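The following exercises are to be worked with the sequence and the model at hand. Each task is followed by a solution in steps.

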Amino acid sequence: MVRSQVLICGGTGCVSSGSQKVREEFEKQLELNGLQDEIKLVRTGCFGLCSLGPIVIVYPDGTFYSRVTPDDVAEIVSEHLLKGRPVERLIYADTGEAEETQTKIETALSETKFYKSQKRVALRNCGVIDPENIDEYIAMDGYAALGKVLTEMTPEEVIKVVTDSGLRGRGGAGFPTGRKWGLCAPNKAPQKYVVCNADEGDPGAFMDRSVLEGDPHCIIEAMAIAGYAIGATKGYVYVRAEYPIAVKRLGIAIAQAREYGLLGENIFDSGFNFDLQIRLGAGAFVCGEETALMHSIEGQRGDPRPRPPYPAVRGLYDSPTVENNVETFANIPQIILNGAEWFASMGTEKSKGTKVFALGGKINNTGLVEIPMGTTLREIIEDIGGGIPNGKKFKAAQTGGPSGGCIPESLIDTPIDYDNLTAIGCMMGSGGLIVMDEDTCMVDIAKFFLDFTVDESCGKCTPCRVGMKRLKEMLEKITDGRGTLEDLDKLEELCLYIKQNSLCGLGQTAPNPVLATLKFFRDEYVAHVVEKRCPAGVCKNLLTYTIDKDKCIGCGLCAKACPADAITRTDYIAPGHKLASFAINKDKCVKCGACIASCKKIKAISKR
Amino acid sequence: MKSLAELQKIKANMKQRIVLREGSGDIRVVVGMATCGIAAGARPVLNELVKDVSEEGLSEKVTVSQTGCIGICQYEPVVEVFEAGKEKVTYVKMTAEKAKEIVEKHLKGGQVVEEYTIGAYQS
């Protein structure tokens with residue numbers, strides 16, 4: 001009889017920090033202590049606190065252990081599992097909290113600051129169930145929504161519930177999901193398709209991966225519901241081959257669903273047939289665009305095509321197709337079970353429900369968070385994210401990855417929803433949220449995202465293929481210190497031209513990072529151009545390293561660290577010092593920063 | 001899968017297992033599992049409690065967990081029952097058989113088994 005369960009995170013984050021080894025060690029230690037029949041190990045999906053992995057939770061008490069190494073396992077087993085004494089040193093305590101709050105050891109996970117303001121709908125089962133066990137999904141009301149739809153509802157009623165819920169596409173553009181289904185349903189065709197877009201390409205976004213890894217069955221269930229609503233019997237999940245764990249678990253889940261007759265013919269004895277296949281993407285960013293994705297499924301080159309006709313009319317294999325993002329699908333079963341009003345009660349007027357964000361960059365709690373729409377950026381960063389590390393100042397947050405823009409500090413209290421973000425020139429995007437502190441150069445960030453989009457442009461249309469390349473060259477000119485004020489105007493003009501004339505969403509949104517940084521951080525661009533100075537100290541060509549000759553104690557550590565032999569001893573001895581100071585030869589200096597790192601104690605070297 | 005009833009059956013079977021992860025039920029049963037408790041035979045008691053609570057279908061109401069030494073080592077194995085709004089009940093010198101009785105009478109029936117409580121031993 002199992003008296004206790006040990007949940008070990010098997011999401012990609014924790015697997016790469018070693019959760020697999022931790023699991024093996026648990027198996028070994030449980031056996032050693034003769035506990036293997038009393039304590040069950042469960043591999044789950046992502047808990048969301050990826051920076052603290054590998055994560056282990058012990059139930060029934062709910063003790064939350066973070067950063068568990070294989071060496072810690074013996075102690076957890078012999079102390080906690082055998083004797084009931086939680087290992088205090090491994091228990092997660094809120095970061096940035098004062099000591100006294102840590103005295104309450106058995107803080108339930110749901111009470112920590114990280115989890116308290118979250119509302120988990122799409123991620124409800126992630127980190128709770130074993131994704132490779134269909135029975136655990138069923139225990140959490142899994143497939144009940146599909147059963148309800150097939151036995152009690154008409155396709156029109158399903159579409160109405162989804163429409164009334166106000167759910168909008170979570171892939172970034174925010175098109176109302178119910179309307180998409182409603183546009184596809186009336187089209188007559190011998191075959192229709194449901195496609196799940198799991199080609200999550202934005203740098204820094206990983207919520208779709210986590211859903212597929214932690215709760216693959218909910219995607220299968222939602223796609224079958226969509227199939228019933230629009231009259232499709234076939235579905236495809238287009239997922240990146242770079243997500244091996246997600247692909248594997250989804251494959252297992254599909255096989256289990258077929259075995260249970262939840263996929264296949266005559267599901268719930270309703271006469272409805274539906275089956276799914278996985279298609280692996282090779283990692284091209286443009287394949288996240290719906291028409292390019294469908295070309296790729298068909299076995300063609302992943303190029304976009306002009307719309308209309310929209311996929312709802314002519315999509316995959318020229319048949320009517322509904323294509324939704326993973327996170328959008330993840331909301332569907334809950335909407336069916338709890339009703340449209342329940343979903344519409346969360347969020348803001350035009351953006352209902354919750355949104356998952358992948359928190360990354362300069363933030364204490366890197367990981368996945370799901371919050372109701374309308375939560376402010378400040379709450380996400382300061383409360384859930386635990387603030388900026390090392391006492392640095394918040395500068396901006398990038399939403400929507402390379403298609404989005406940055407939100408500056410002055411707008412940190414903006415409630416986040418589709419329309420507010422669009423209004424300030426950003427976009428929701430798939431939900432990557434990269435936090436930047438004062439050490440980030442905004443021109444450099446814009447250049448970084450352009451680097452990405454230039455690489456990923458498919459080359460079909462000229463504005464995107466050539467325009468982006470030229471944009472990047474202009475930014476390089478500015479960060480090299482060769483820019484002029486005229487360039488800034490040209491930059492803006494070219495951005496707008498690319499936006500208006502590109503064929504697909506990639507080109508239409510690719511200039512956004514430049515436009516947003518130009519709008520909110522024009523002074524930084526001006527500093528680069530006029531003063532030939534990078535205020536954040538990032539752009540190498542604009543930096544000079546100098547040694548304060550009166551602070552230098554002449555130890556010579558910097559000269560040893562310098563890979564370019566650019567640092568030599570002078571004959572100046574500062575008052576009060578015994579040895580002559582050093583100086584940097586600016587012609588030889590490669591600006592690598594090794595000298596500053598070597599002078600941590602004295603701090604005599606600075607860059608400007 | 002041909003009917004909702006079939007789905008319900010799987011759900012009901014699995015619920016017992018999953019419910020452990022939802023944490024605190026209304027009643028918490030805590031077994032002292034320090035060295036003294038283990039030496040006195042706390043593990044069979046704990047396992048019996050877990051098994052019976054599950055078999056009686058009490059999993060949603062009752063959470064069985066363990067704790068360290070309570071400080072009355074001579075009375076081990078010790079089992080404490082916490083219930084919101086009621087006074088804590090401490091059972092001492094437990095055995096698997098007594099545990100079975102406690103699940104039956106106390107956790108299910110709501111009747112404290114006075115003869116096994118610490119009060120009965122001390123008086």
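**Exercise 1: The fold of chain B**

Read along the sequence, chain B of this predicted model follows the pattern α-β-α-α-β-β-β-α-α. Determine how many helices and strands chain B has, and describe its extent and burial.

*Solution.* 
1. Chain B has five helices and four strands.
2. The C-alpha trace of chain B spans about 60 × 30 × 25 Å along its principal axes.
3. A residue counts as buried under 20% relative accessible area; by this criterion, 48% of the 123 residues of chain B are buried.
4. Of the contacts in chain B between residues at least 6 apart in sequence, 62% join residues at least 24 apart.

**Exercise 2: A sheet in chain A**

Give the strand order of the open five-stranded sheet in chain A, and explain why one side of β11 and of β13 lacks a neighbour.

*Solution.* 
1. The order is β11-β10-β14-β12-β13, with mixed pairing.
2. In chain A, β11 (367–372) and β13 (406–408) stand at the edges and have a single partner strand each, so one side of each has no neighbour in the sheet.
3. From one strand to the next, the twist averages 30 degrees.
4. Strands β10 (residues 354–361) and β14 (residues 432–437) of chain A run parallel and are joined by four bridges; A:Leu359 has A:Leu433 in β14(A) as its bridge partner.
5. Helix α9 (residues 207–214) of chain A packs on the sheet, touching β10, β11 and β14 of chain A. The direction of helix α9 makes about 115 degrees with that of β10(A).

How values were computed: Residues are numbered from 1 along each chain as its sequence is written. Chains are lettered from A and ligands numbered from 1 in the order in which they are written. This is a predicted model: local features need pLDDT of at least 70, side-chain atom pairs count only at pLDDT 80 or more; totals for chains, interfaces and linings use all residues. Side-chain values use heavy atoms; hydrogens and water are left out. Helices (H or I, at least four residues) and strands (E, at least two) are DSSP runs, numbered from the N terminus. Buried means under 20% relative accessible area, exposed over 50%, partly exposed in between (1.4 Å probe, protein chains only). Contact means heavy atoms within 4.5 Å. Two strands pair if DSSP finds at least two bridges between them. Axes are lines fitted to C-alpha atoms, for helices over the stretch in contact, and angles run from 0 to 180 degrees between N-to-C directions.
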